[in-house]
Amino acid sequence: MRVIKMLLCFVLVTGFLVQLGNTKVEAATSFYDVKSDHRAYDEIMYLAQGKIANGSLSGYYYPNKVVTRAEATAMIGRALQLNGQQRKTQFKDVGINHFASGYIQSAVGRKIVSGYVDNSFKPNNTVTRSEMAVMICKAFGYSFGNSQSGAAQALLSRGIAQYVNGSFGADIKMNRADTAEFLAKAINYKLRTNPEVNFDKEINVATDSLQVRTGPSTNYNSVGTLEDGETATFAYSVGNWILVKTSSVEGFVHSAYVTSESDDLPAVPSSSSPLSLKTIVIDPGHGGTDPGAIGYGIYEKSVVLDTSLRVKKLFAQTPFNFKLTRETDKYITLQNRVAFAKQNKADTFVSIHANAFNGKANGTETYYYRTAATNPYTNDSILLAKSIQKRLVAAWGTNDRGIDHGNFHVIRENSMPAILTELGFIDNKADNNKLRSPAYRQLAAEAIYQGILDYYKAKGYNVNSLYNIVD
Ligand SMILES: [Zn+2]
């Protein structure tokens, strides 16, 4: 017994790996003040393993300390793998250096928590059981009728919360142990008092050797793998991870690597996706004092801006970084469009235009720049042009004018795969009818979105689940 205690002590000390220089701190997976007979021991350990619950650097969890709004938000943020990068927030009392500034900003963006009318967040305020129940419901997508009693019921019925002296204890302040109990039970149903969930939705695995883990992040141990094309059922999601089950294994997988007909599949793969490092810049041609081509009373600058904003809405549901050179009707020089793409380190640049000629010419065409002297990404530009051209022609049924070399400033001077697409001829009646139609512009946006996915797929990225957004 003595030997075991000494070993445990050793583990505790080495668990805090402090790398000087970048001040990276390895979280502890055990705490001096949470013994194995603590009522929330399993839950706290489970969250510690996932680096969701952190203790102090000296190895204490402080289970009886009341939890603050900032702490609770950070824990939920880590559980859902929200972007926790410390940054500016919209609140006057949460500065960029506040430890939870990133999680607070992300959680507010997801409407899991909100601030107060005086533009404060009150990060050090305590959290009642009712307030926590509402946060859990919002974070995990439980319907709760927008009321505190509904939220209490949602947690009680799932075995996530229990009665305290015959009631929910709505006004009791949450401590750090209680918070861990609620959160761990919401994540892992096996920790609940009634561990039963329905695996009633089917998924198909869309990658080789998909790791199945004991919790919803790569911090959790792998308990098996699923192979490409294998089917499984899933019960619920935690952030962008889903709890799946086959005849041989049960656990969490990242939803970016599966496909499903179910609307319950999370549409947003997490910031851990390699795609989150990819930046797509869409460039709506012309703008402001430069209307571009004009036909039958409509302007190229307006048609391509609306289409581009529709592309933006689609990419907002993906892990990609996405930027538009303009979001309003303003004039931008060609030089500034290129500078914008370079500043944002774009990996893909798509300039959207509409054509005009003599009223008779019609169809869709897409340009790349051939000479590597200025833009070295000729082959990738051709691949991107082909992918988008094919999707656009299929979506609109327009005359396929193909892809070609084009000596345009925005694709010549850029230093990334870059193309310029002409959706159709604005001075041709048939093409103009499509350009002026919001429904057709939506189809064009979807085609450009799918064409970009096709390009990334051809480059070896797993984008399979992202097609669901428009399919
Ligand atoms: Zn143009």
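**Close-up views of a predicted model**

**View 1. Lys-88 in a loop.** Lys-88 counts as exposed because its relative accessibility is 67% (exposed is over 50%, buried under 20%, partly exposed in between; 1.4 Å probe, protein chains only). The residue sits in the loop between H3 and H4 (helices are DSSP runs of H or I, at least four residues; strands are E runs, at least two; both numbered from the N terminus). Leaving aside residues up to four places away in sequence, Lys-88 touches Ile-96 and Gln-105 (contact: heavy atoms within 4.5 Å). Its C-alpha atom is 7.0 Å from that of Ser-101, 13 residues apart along the chain.

This is a predicted model: local features need pLDDT of at least 70, side-chain atom pairs count only at pLDDT 80 or more, and totals for chains, interfaces and linings use all residues. Residues are numbered from 1 along each chain as its sequence is written, and side-chain values use heavy atoms, without hydrogens and water.

**View 2. The largest nonpolar core.** This core holds 67 residues (buried Ala, Val, Leu, Ile, Met, Phe, Trp, Tyr and Cys joined through side-chain atoms within 4.5 Å). Leu-47, Leu-183 and Ile-187 have the most contacts inside it. H5 (129-140) is among the elements that each supply at least two residues. The largest share, eight residues, comes from H5.

**View 3. Around Ile-187.** Beyond residues up to four places away in sequence, Ile-187 touches partners including Tyr-46, Leu-47, Phe-140, Tyr-236 and Phe-252.

**View 4. A second core.** A separate core has 39 residues, among them Ile-280, Ala-354, Leu-435 and Ala-445.
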